[in-house]
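Thank you all for coming.

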Amino acid sequence: HADHDHATLDVNRLEAGNMPLDVEDFSLSDLLEELRQQIDPLPRQSDVSLVWQLSSDGPLRSDRRKIKTILRNLIINAIKFTDSGSIEITLKSERNRNAEFVVNDTGIGIPDDEISNIFGMFRQVRSNSRHSSGVGLGLYIVRRLIDLLSGQIDVQSRLGSGTTFRVRIPDLARDCASVPTSLAPAGPEPWPTPGEIRIGAEGPR
């Protein structure tokens, strides 16, 4: 119930516009190590391995805690829907100090008729009871935090083969006067500005 309470608290703060940005400079290598310390001890299926990769290191100026929450929720989601194989987490520094984060799993995948709805509040992929447990807030929080950080997320999935979430976060200028410090309440659109979501079916690996 602690995870449920924390997720509900985060949602309430996001919807109330009460989650200001805490911008700082940090390296992707430090972020990866912090995530490893948090995620590696979590329970998962014995046949699932976590693979951590730092494609290229570099500095990023953004909200470190919120990025960790985004990635943690994506990784926990992957653990939940992966019974065997691997979950690969890749961090990459791009040009202009922007960053790309990829969470790729060999899990159950997402049905085509549900992939456009996975970021909705309380939405979960239909499956068996183990896969359907939880409160369904993790991906909704991911979407809202990416909005807040002016980022983008790309989702590709193939039913029965796995899912890839690709997140791009811009480096925030030192003068953050133009950066939103809160979000308006979520409207009916599946992806309100300034964020962007792209959805597609993943081809053969």
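Predicted model: local features only at pLDDT ≥ 70, side-chain atom pairs only at ≥ 80, totals over all residues.

**Salt bridges in the model**

Let me begin with Arg36, which counts as partly exposed because its relative accessibility is 33%, where buried means under 20% relative accessible area, exposed over 50%, and partly exposed in between, with a 1.4 Å probe and protein chains only. Residues are numbered from 1 along each chain as its sequence is written, and side-chain values use heavy atoms, with hydrogens and water left out.

Arg36 pairs with Asp40 in a salt bridge, the closest N and O atoms being 3.7 Å apart; by that term I mean a side-chain nitrogen of Lys or Arg within 4 Å of a carboxyl oxygen of Asp or Glu. Asp40 is likewise partly exposed, at 32%.

Turning to Glu100, this residue is buried, with a relative accessibility of 8%, and it forms a salt bridge with Arg166, the closest N and O atoms lying 3.5 Å apart. Since Glu100 belongs to strand E5 (residues 99–105) and Arg166 to strand E7 (residues 162–169), the pair ties together parts that are 66 residues apart in sequence, strands being DSSP runs of at least two residues, numbered from the N terminus.

Glu100 also meets Arg168 in a salt bridge, at 2.9 Å from N to O. Arg168 lies in strand E7 and Glu100 in strand E5, so this pair links parts 68 residues apart in sequence.

Overall, the structure holds eleven salt bridges.

Notes:
Helix = DSSP H or I, 4+ residues; strand = E, 2+ residues; numbered from the N terminus.
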